[in-house]
Amino acid sequence: MRAMSLLPSAWGGRPAWAEIDLDALGRNVRLLAARAAPSRLWAVVKANAYGHGAIACGRAALEAGAAGLAVVCVDEAEELRHAGIDAPILVVGYTPPSDAERVVALRLRPTVGAWELVEALAAAARRAGWTVPIHLELESGLNRHGLLPDPLVALAERARAVAGVEVEGLFTHFAAAEEGDQRFTRRQFDILREVAGRLPFVKERHCAASATVLLDPEMRLDGVRTGLSMYGYRPAPWCGTDADLVPVLSLRARIARVLDVERGATVGYGRTWAAARPSRIALVMCGYADGYRRGFGNRAHLVVRGRRAPVVGRVAMDMCMVDVTAVPGVAVGDVATLLGRDGDERVDADELATLADTISWEILAGITARVPRLYLRGGEVRAVSTLTRRIPAAP
């Protein structure tokens, strides 16, 4: 793989990296867009595209058929605009009135939940000679962010009469769409439809995220918001089992040392692991400051030379240790796969999430900014993104 030959001298950083397969992402987006058609597909790239890299993944999603990108705040949208992405960007989180000028300058579609923001947006838009398309979030049961039906309808009617603002969208956020019992989700959907009936001038209604896109064609409405599924994972094992999604991200690191220890020797902080036999221990340069959790110690497995090997001792901030006694020929410089596939073996985000008693979203989004991202097309590195720079790969 070209990625391996590029490391680590190409950026002079730590010998740990994430590989982002943009072909896999594009394949997932095309599958989801076809499944959602004729609805508009918003590709969710908030939280640095769930740890995958918002700029590269946003571009790849748009090339594959996404109609626009969704983020949670103006800063995330600004990063995309500064990278030259001019597609529609929906801001699904809270925007304070103080950000109104930025929203207009960046040509964003903000979510609005208060009259003060409508006024600020309208004033900024009139000064710029533009009309801001706004979306309203309906509170239908998540009880997190949004307006109840009557206040939402009142705000929509009032905003409709204001120059500089267009009430373009109405949406809600499901609380339990990936759970087996869909009755609560159905109630939320019915509330959205009832409110939409009171606002016939609103052009775009959307409620379906990954789980609902995979499960229920009726709920796709005018638009869908695909996040986790775009990156190759299902919100629950039973969601969309007929959809052949491909994980996009792999996390790898170099082995920096191989050490032979005697029976009874301990490894790592706290001496939580002791060798039951003479053992060979490999030092892997990836730790919890990279997003590989401390709790994976003595629980998780890596893949080295195509074989699974257990993580031993506590994961440290910058490194972890793995027992490679049963893996022949391990040497300094070998690549360990912490997340992803090597040969016939793989570790996926669902496996790690189970070990950490969390969800795959958190595992992926938790890969920190100091981990370089390698962006692959056709199995070859096309660009590298680090904390300080973006490096195009040689042709």
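What volume does the second largest pocket have? The second largest pocket has a volume of about 530 Å³, where a pocket is an open set of points on a 1 Å grid over the protein atoms alone, at which a 1.4 Å probe fits, with protein on both sides within 12 Å along at least five of seven lines, and a volume is the space filled by probe spheres set on the points. Its lining, meaning residues with an atom within 4 Å of a point, comprises 26 residues, of which I55, A56, Y375, S385 and R390 are the closest to the centre. Helix α4 gives the largest share, six residues. The model is predicted, so that local features need pLDDT of at least 70 and side-chain atom pairs pLDDT 80 or more, whereas totals for chains, interfaces and linings use all residues. Residues are numbered from 1 along each chain as its sequence is written, and side-chain values use heavy atoms, without hydrogens and water.

The largest pocket has a volume of about 780 Å³, and among its 32 lining residues K46, Y50, H173, A209 and W361 lie nearest the centre.

Turning to the strands (DSSP runs of E, at least two residues), β14 (residues 301-304) and β15 (residues 307-312) pair in the antiparallel sense over four bridges, pairing being assigned if DSSP finds at least two bridges between two strands. V304 has R307 as its bridge partner in β15, and V304 also stands opposite A336 in β17. In the hairpin of β14 and β15, with two residues between the strands, R305 takes a positive phi near 50°.
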